[in-house]
Amino acid sequence: MKYSDLSQCRVNTDRLLIAPFTAADADDVYQAITPTLTRFMNFEPEPSPEAFANVWQGWLPLIREGEEVFFVARLRDSKQFIGMSGVHDLHSHTPELGIWVKENQHGHGYGREIVHAVAAWASERYRPQYFIYPVAEQNAPSRRLVESLGGVVSGRRDHIKYDCLVYHLPAFGE
């Protein structure tokens, strides 16, 4: 099943509320993107909220058009911002997953919980062959996360900032 507008979808877990990014999330997201967080990501922190607005405003049409979805995860009880996940190229047989968790929330299993929930959601709706999941070779926690969900290294990508391993993460379900 393919949706044309993903802005209303929800992918909640017992601990987390996971919903598509909205303008109301921008400040929490901007505040959490730090240089140490992005050392293993393919982007750098934007220098100002206005510069970040140029980025997130580009996400909204992609979500509405059903091409990609950028999820925000918050604690169910307090609504505290935890992190983000993205599913890119949703209509391909091998969509790409990405995730990041706010630095002061590392070590609580939120990343694995978010990836599992988002991959299960996308598996049910889009029936991919598998997901592509790029990870910095030096990022041991992220590698353990994808491997714990059945991901296996399938190749490499040239990357300016870091050595990138490309995992294939099996689709969930049937």
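Two residues are said to be in contact when heavy atoms of theirs lie within 4.5 Å. Keep that in mind as we tour this structure, which is a predicted model.

**The core**

Let's start with tryptophan 121. Which residues does tryptophan 121 touch, leaving aside its neighbours within four places in sequence? The list is Leu6, Cys9, Arg10, Val11, Val69, Phe71, Leu90 and Tyr126. Tryptophan 121 also stands out in the largest nonpolar core, a set of 50 residues, where Phe21 and Trp121 have the most contacts. The largest share of this core comes from α3, with nine residues.

Cys9, one of the contacts of tryptophan 121, has a relative accessibility of 14%, so it counts as buried. Cysteine 164 is buried too, because its relative accessible area is 1%. As for sulfur bridges, the structure holds zero disulfides.

**The largest pocket**

Now for an open space. The largest pocket has a volume of about 1200 Å³. Its lining is made of 45 residues, and those nearest the centre are Met41, Gly98, Ile99, Trp100 and Val101. Several elements give two or more residues to this lining, among them α2 (49-64), β3 (81-88), α3 (110-126) and β5 (130-136). Which element gives the most to the lining? That is β4, with six residues. Sorted by class, the lining has 23 nonpolar, 15 polar and seven charged residues.

**Two residues to look up**

Phenylalanine 40 is in the loop between α1 (26-32) and α2, while aspartate 14 lies in the segment before β1 (16-20). Is aspartate 14 buried or exposed? Exposed is the word for aspartate 14, because its relative accessible area is 75% and the cut-off is over 50%. Phenylalanine 40, at 21%, counts as partly exposed, because buried would need a value under 20%.

| Pair | Apart in sequence | C-alpha to C-alpha |
|---|---|---|
| Phenylalanine 40 and serine 142 | 102 residues | 9.7 Å |
| Aspartate 14 and leucine 169 | 155 residues | 23 Å |

Their contacts can be listed as well, not counting residues up to four places away in sequence. Phenylalanine 40 touches Ala136, Gln138, Asn139 and Tyr162, and aspartate 14 touches Arg76 and Glu113.

Definitions and conventions. Residues numbered from 1 in each chain as written. Predicted model: local features only at pLDDT ≥ 70, side-chain atom pairs only at ≥ 80, totals over all residues. Heavy atoms only, no water. 1 Å grid on protein atoms, 1.4 Å probe; cavity = no way out; pocket = protein on both sides within 12 Å on 5 of 7 lines; lining within 4 Å. Points joined across faces, edges and corners; volume = space filled by probe spheres on them. Helix = DSSP H or I, 4+ residues; strand = E, 2+ residues; numbered from the N terminus. Nonpolar A, V, L, I, M, F, W, Y, C, P; charged D, E, K, R; others polar. Core = buried A, V, L, I, M, F, W, Y, C linked by side-chain atoms within 4.5 Å. Buried < 20%, exposed > 50% of the residue type's maximum accessible area, 1.4 Å probe, protein only. Disulfide = S-S within 2.5 Å.
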